[in-house]
Amino acid sequence: MIFCLASCGQDDLPATTAQNYEKVVCLMSYEDLTEEYLSSYEAYDGHEQIRKCELEGGRTAFIAVHNTNLGPALGGLRMRAYATERDAVHDVLRLSKGMTYKNAMAGLPLGGGKAVIIGNPREDKTEDLMISMGAAVESLDGKYVTAEDSGSGEEDMVAISESTDHVTGLPPEILAGKGFGELGGNPSPVTALGCYRGLQAAAQFKYGSDDLSGMHVAVQGVGAVGLELCNLLKQDGVKLTVADIDDLSLKQAKDELGKVEIVRPDEIYEVEANIFAPCAMGGILNDKTIPNLRCEIVAGAANNQLQKEYHDQMLADQNILYVPDYVINAGGVICVGYEYFRKSAYNPMDFDITRERMIAHVESIGRNVIESLVYAREHHLNPGEAADRLAEEKFLSGEGLETSTPEEPPSFGTGGGKTLVQ
Ligand code: NAD
């Protein structure tokens, strides 16, 4: 059955927005995919709801809500030129499940969800399309909260906010008007800070000390997160080797970091370093690359680093400690999560919603990394499996979250004076 949003022509909207409601929002229609149909997907995991939406201009979007035991399903909006609808559904199923695990491990009272639009973000994106996407988000009545992801940015969230309140990741200027500008802004430096704490935790686990000074870290990708991570590591006197496919990113890294070794993209795997930090893209830990690794720890920001689940075991066989990606890279979602808590007044865990406490929450990622690694050791599991079990314990029971902002554990105090570039 196809539905259309009924609440067109809202009175309190500015004139242009009201026109867009007539033109854009009312044209959005949706239907939920059946369990019978979804069962044909390997990535289907008994998701709560998958909504197919026909947007302005005939573009198709899918919104997936994987699990809401812990709260509304928060996860970004991806826009990509998927070759087929099946590819888009596969991606939204996989990514929304990942968000349930990430949010649970980050100690957030949030479930897991994700949205995808089929289309080339450079060519097919318009403001009206995003307003229409906002109507699609609104149709779920707060069960799903959207944010940025690849192919969408802050300005898209602004357009989406014209048709729904269930959006986060808005620019600080807009939030400043509402009185909490300090909670908005680019989450990438916050993600980098969480990763930095995760690297310290991994060093603590592997070497018995979280002091990174004098260590060698090889960073793949010096974009928004990778470069910021390098800046934090540089303050510790870490030796850095980096690679990127983009010359401009490399030039910026050289300018900011000064002393840094640059290698070709295919050489970064073979660098003899303490830590290899993937900060570029997913699937880079695979049959081809793992045998070449010369590091002792893999810990970085990229999502879905393991191409297949068994690659966790391959790393263990080479005595390489793998830090589960969704545990270490949760800084960004904690950042946008706090913004949403403040904006929506949804705060079941009674968090202190200030920027300072949000940063403290991000710093507790070090403790989550240790928790996963210790659990893995005690239960004879690989770290990825251990993190999955811990996350499942949290979201399946709906319990196990702290009722105040988690504190950074006292043993991770050495990097306390680091400058977080914003
Ligand atoms: P970005 O696009 O700003 O940076 C990625 C960098 O990697 C770019 O400079 C790009 O040129 C480079 N790159 C791409 N392919 C490469 C290759 N084959 N070899 C070397 N370099 C390559 O992205 P980002 O925001 O820094 O995110 C990096 C990763 O972290 C992504 O996987 C992203 O999903 C993940 N992540 C980011 C955040 C965040 O807050 N930005 C949060 C969680 C996870």
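Predicted model: local features only at pLDDT ≥ 70, side-chain atom pairs only at ≥ 80, totals over all residues.
Two ground rules first. Residues are numbered from 1 along each chain as its sequence is written. Local features need pLDDT of at least 70 and side-chain atom pairs count only at pLDDT 80 or more, while totals for chains, interfaces and linings use all residues.

**Exercise 1. Describe how α9 packs on α10.**

Step 1: Recall what is needed. Two packed helices are described by the angle between their axes and the distance between the axes.

Step 2: Identify the helices. They are DSSP runs (H or I, at least four residues), numbered from the N terminus; α9 covers residues 224-234 and α10 covers residues 247-257.

Step 3: Read off the geometry. The axes, lines fitted to C-alpha atoms over the stretch in contact, with angles from 0 to 180 degrees between N-to-C directions, are 11 Å apart at an angle of about 20 degrees. The helices are therefore roughly parallel (angles under 35 degrees). Their crossing is right-handed, meaning that the near helix is turned clockwise from the far one by less than a right angle.

Step 4: List the partners. L227, C230, N231 and K234 of α9 meet Q252, A253, E256 and L257 of α10. By class, four are nonpolar, two polar and two charged; Ala, Val, Leu, Ile, Met, Phe, Trp, Tyr, Cys and Pro count as nonpolar, Asp, Glu, Lys and Arg as charged, and the others, Gly among them, as polar.

**Exercise 2. Work out which residues surround the ligand.**

Step 1: Take the shell. It has 24 residues, and the closest are G221, G223, D246, A280 and G332; a residue is near a molecule if its C-beta atom, placed from the backbone, lies within 6 Å of it.

Step 2: Assign the shell to helices. Both α8 and α9 supply at least two residues, and the largest share, three residues, comes from α9.

Step 3: Sort by class. The shell divides into 12 nonpolar, 10 polar and two charged residues.

Notes: Parallel < 35°, antiparallel > 145°, perpendicular 65-115°, else oblique. Contact = placed C-beta atoms within 7 Å.
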